[in-house]
Amino acid sequence: MKLTIIGTGYVGLVTGACFAEMGNTVACVDIDKKKVDGLKQGILPIYEPGLESIVINNHKNGRLQFCTSLSDPIAESSVYFIAVGTPPGEDGSADLRYVLAVARDIGRHINSYAIIVDKSTVPVGTADKVRTAILHELHLRGVDVPFDVVSNPEFLKEGAAVEDFMRPDRVIIGTDSEQVRKAMRDLYLPFMRTHERLQFMGVRDAEMTKYAGNAMLATKISFMNEIANLCERMGVDVENVRQGIGSDSRIGYSFIYPGAGYGGSCFPKDVKALIRMAKDHDFEPRLLDAVEARNEAQKHVLFEKITRRFGARLKGLTFGLWGLSFKPGTDDMREASSVVLLHELIGAGARVKAYDPVAMAAAKHELPDGWFKSGQLKLVDEQYSALEDADAMILMTEWKPFRHPDFDRIRKIMKIPVIFDGRNQYDPALLRKTGFEYSGIGR
Ligand SMILES: NC(=O)c1ccc[n+]([C@@H]2O[C@H](COP(=O)([O-])OP(=O)(O)OC[C@H]3O[C@@H](n4cnc5c(N)ncnc54)[C@H](O)[C@@H]3O)[C@@H](O)[C@H]2O)c1
């Protein structure tokens, strides 16, 4: 099948590359010329395990092409995936500006029956807005081209995006059209060789499913963070509690790790957008409000521990920070807890030396220039260098190389052996026995 993917970010590029890998001919369109030029030369704009080789191979064999506009002949097809960003607007609602701009653009270009797939995470009712935008452009052109709008939210996880797309738990398709159901089934069946995992439902149901999924995961995290904070005040080790409840199959182990708050480009904005949807429908989302409030507060927990230990003024102190991305396996720093902590540390006069296995370029790009110029933030290219002469170490992202480090070496190179473990990776008893001051979350 010939496909066009509009938006070549984490979702669009993975979608395009994986469809091309299955034999489809795919055009990826992005308005960011630099991104497109880079991709044509095999330079990927993001880090995602396994993605580079799929992109490069499929580009070489001609099944995956890149361009900057739907007017490019390679972008003509009968299935258009909208995979642009839906960042939070000022009131928390999903900003549909980019999605609707793409919809209008599609309306300006289609000449024969087309399926328009909303892959971006969009509020309930967006498919209707996309349809209206396309109809408006067709009307301006004075043409009558048939089309369907289908909701196909994406569930991939950054850090395992290729794996998730290639072997999805389920693929949600929201449509009322039999023709669309058939086309979507044809497209996705190659990704489900063992058994079919397509779930068909109404368009609005599909739109809501994505938000409900992310809100549920965010709820699990915030719940556990709340329990952790309580444990800390009551002389309880939350790690034992986590294992104790995780072993209950009704609860399970996933997404109940306490930490320094969830970040990334999805959970924070999707919870906010769902809260907005609820309020727009005169419904008070008490639970979602609490999930969000707990997470906002959780991002400050490490700094509170640091100031309890060192006082409010941190001038003259140096902190070694391990991990900048919002989670391991990605270079994405959107809404990362590390950024909140950096603002607090640097605001209080501290110096920070930071290391991340893949997010250094993203950090250089996204963090304020002034921090680098003033020398308050230094990015170092090796994990132990971040800890040399440090007054404390902070673990922010649980990348694998940080999980079992050489603590003898760490104790020798640090000025004071103090560890703030924002992801409960280390054994407090063992560290205390070897002379470290250890502080985790809820322990
Ligand atoms: N990142 C994730 O893990 C993830 C997972 C599931 C769903 N989603 C959802 O998928 C959507 C995309 O997320 P992302 O993380 O891939 O975003 P992203 O910011 O990485 O990429 C979006 C891309 O769209 C491009 N773009 C914007 N306007 C355009 C236009 N008019 N024409 C062509 N290109 C345009 C941008 O240049 C950018 O490259 C969002 O709605 C997000 O919520 C993301």
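This is a predicted model: local features need pLDDT of at least 70, side-chain atom pairs count only at pLDDT 80 or more; totals for chains, interfaces and linings use all residues.

Reader: Which residues make the nonpolar surface patch of about 270 Å²?

Author: Start with methionine 234, which sits in the loop between helix H8 (203-233) and H9. A patch residue needs over 30% relative accessible area, and methionine 234 has 55%, so it counts as exposed. The patch of about 270 Å² is made by Leu230, Met234 and Val236.

Reader: Where does UniProt place the feature "active site", and is that residue buried, partly exposed or exposed?

Author: The unreviewed UniProt entry puts "active site" at Cys266. That cysteine lies in the loop between helix H9 (238-246) and helix H10 (267-280). Buried would mean under 20% and exposed over 50%. With a relative accessible area of 29%, cysteine 266 is therefore partly exposed.

Reader: On to charges. Which residues are linked with Glu137 in a network of salt bridges?

Author: Glutamate 137 pairs with arginine 108, with the closest N and O atoms 3.5 Å apart. That pair links distant parts of the chain, as glutamate 137 is in helix H5 (residues 126-141) and arginine 108 in helix H4 (residues 97-109), 29 residues apart. Glutamate 137 is buried at 8% relative accessible area, while arginine 108 is partly exposed at 40%. The residues networked with Glu137 are Asp105 and Arg108.

Reader: What separates arginine 242 and glutamate 239 along helix H9?

Author: These two form a salt bridge, with 2.9 Å between the closest N and O atoms, and both are buried. They are 3 residues apart in helix H9, so the separation is about one helical turn.

Reader: What about the salt bridge of lysine 373 and aspartate 369: what is its N to O distance?

Author: Both residues lie in helix H15 (residues 369-373), 4 residues apart. Lysine 373 is exposed at 70%, and aspartate 369 is partly exposed at 47%. Their side chains meet with an N to O distance of 3.9 Å.

Reader: Last one, on backbone angles: what phi does asparagine 424 have?

Author: Most residues other than glycine have a negative phi. Phenylalanine 255, in the loop between H9 and H10, has a positive phi of about 60° although it is not a glycine. Asparagine 424 lies in the loop between strand S13 (418-421) and helix H17 (428-433), and is buried at 9% relative accessible area. Also not a glycine, asparagine 424 has a positive phi of about 45°.

Notes:
Residues are numbered from 1 along each chain as its sequence is written. Side-chain values use heavy atoms; hydrogens and water are left out. UniProt positions are given in the numbering used here, feature names are shortened, and annotations may be inferred rather than shown by experiment. Helices (H or I, at least four residues) and strands (E, at least two) are DSSP runs, numbered from the N terminus. Buried means under 20% relative accessible area, exposed over 50%, partly exposed in between (1.4 Å probe, protein chains only). Patches are made of residues with over 30% relative accessible area and no salt bridge: like charges are joined within 9 Å, nonpolar side chains (Val, Leu, Ile, Met, Phe, Trp, Tyr) within 5 Å. Accessible areas come from the Shrake-Rupley method with a 1.4 Å probe; for residues, only the protein chains shown count as cover. A salt bridge is a side-chain nitrogen of Lys or Arg within 4 Å of a carboxyl oxygen of Asp or Glu.
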